[in-house]
Amino acid sequence: MQRFMEVRDDDLRKFEAEGAAPLPVAGDQGFIENDGARIWYASYGSGSPVILLHGGLGHSGNWGYQVPALITNGYRAVVIDSRGHGRSTRDARPYSYELMASDVLAVMDALHLEKAGLVGWSDGACTALILAMRVPARVAGVFFFACNMDPSGTKEFEPGPIVERCFSRHTKDYAQLSATPDNFKAFVETVSLMQKTQPNASARDLAEIVVPVVIVQGEHDEFIKRDHAEYLARTIPNAELVILNEVSHFAPLQRPEQFNAAMLAFAGKAVR
């Protein structure tokens, strides 16, 4: 497994050219039907379940460095392609984090997972925290990496080579995986609309969260304000703040060893 851990791809050149490390062979994978969509999932290993929720415009393959780390440490890793992303389909309704949260719950039901730890990256982090708000009994804890919970938390977007390389990879992967491979432009527009208008969690909403939460922020995140991460950690009861040094919004790809250490520390406390 060491070859997965020692990767350094700070500028995402490797990710643009090759993607993340390939996911291992799944013990179980397939589709479930939920609320107008076919949602793809895969499950790896055995033990207490940890569900990995990817970021906007990406897909489950972006977790290629994290799944082996979870398996090696005795967890069952479950990945889900968010509706309209990767292999999953969607209906004509606008994207919403609430809908995507319902998809995660449907996969949990299909796999008979009473409770799971949630590791979310960007849009996946928002989806995870919404699940923690709505159905706390099903959520062992949330590892919330690189996302906002209201519109004030985002930075003014500034294009740069790292973001462009990530976007290039997403473009290729969408064409390869999607049931609608020619719809990438419309896909980006509709996901972007969701990101600009959602979520809108108030301080009161956040203060009512009862599951363990770790707020994780890359030192050089291109999209999320550091002070917003600090606000989330202050406002969510007993939340912990973790800053990942020398990485950005793409830490799971840039320095997997550092990201995985934080992820496994969370799992060790929250997931049993």
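Tutor: Two ground rules: residues are numbered from 1 along each chain as its sequence is written. The model is predicted, so local features need pLDDT of at least 70, side-chain atom pairs count only at pLDDT 80 or more, totals for chains, interfaces and linings use all residues, and side-chain values use heavy atoms, with hydrogens and water left out.

Student: Why is Pro256 called buried?

Tutor: Buried means under 20% relative accessible area, with exposed over 50% and partly exposed in between (1.4 Å probe, protein chains only). Pro256 has 0%, so Pro256 counts as buried. You'll find Pro256 in helix α11, residues 256-270. Helices here are DSSP runs of H or I with at least four residues, strands are E runs of at least two, and both are numbered from the N terminus.

Student: And what makes His85 buried or exposed?

Tutor: Same test: its relative accessibility is 1%, so His85 is buried. His85 sits in the loop between β4 and α4.

Student: What does the side chain of His85 reach, and how do you know that it's a polar contact?

Tutor: It reaches the backbone oxygen of Arg83 at 2.9 Å. A polar contact is a pair of N or O atoms within 3.5 Å; within protein, one must be able to donate a hydrogen and the other to accept it, and residues adjacent in sequence count only if both atoms are side-chain atoms.

Student: What polar contact does the side chain of Asp123 make?

Tutor: One with the side chain of Tyr97, at 2.8 Å. Asp123 belongs to helix α5, residues 123-134.

Student: How do you know that Asp123 has no salt bridge?

Tutor: A salt bridge needs a side-chain nitrogen of Lys or Arg within 4 Å of a carboxyl oxygen of Asp or Glu. Lys and Arg count as positive, Asp and Glu as negative, while His and the chain ends are not counted. For Asp123, which is buried, the nearest side chain of opposite charge is Arg90, 12 Å away. That is outside the 4 Å limit, so there is no salt bridge.

Student: Which residues is Asp123 in contact with, neighbours within four places in sequence aside?

Tutor: Contact means heavy atoms within 4.5 Å. Among the partners of Asp123 are His54, Gly55, Gly56 and Tyr97. The contacts of His85, with such neighbours also left out, include His54, Gly55 and Gly56.

Student: What makes two strands, such as β1 and β2, a pair?

Tutor: DSSP must find at least two bridges between them. Seven bridges join β1 to β2, so they pass, and they run antiparallel.

Student: Which way do β3 and β4 pair?

Tutor: Parallel, over six bridges. By contrast, β2 and β4 run antiparallel, joined by four bridges. Ile80 in β4 stands opposite Leu53 and also opposite Tyr41.

Student: What makes β4 "mostly covered"?

Tutor: Six of its six residues are buried. On one side those are Tyr75, Ala77 and Val79, and on the other Arg76, Val78 and Ile80. In a regular strand the side chains alternate between the two faces of the sheet.

Student: How many strands form the open sheet, and in what order?

Tutor: Eight, in the order β1-β2-β4-β3-β5-β6-β7-β8, with mixed pairing. The edge strands are β1 and β8, since each pairs on one side only.
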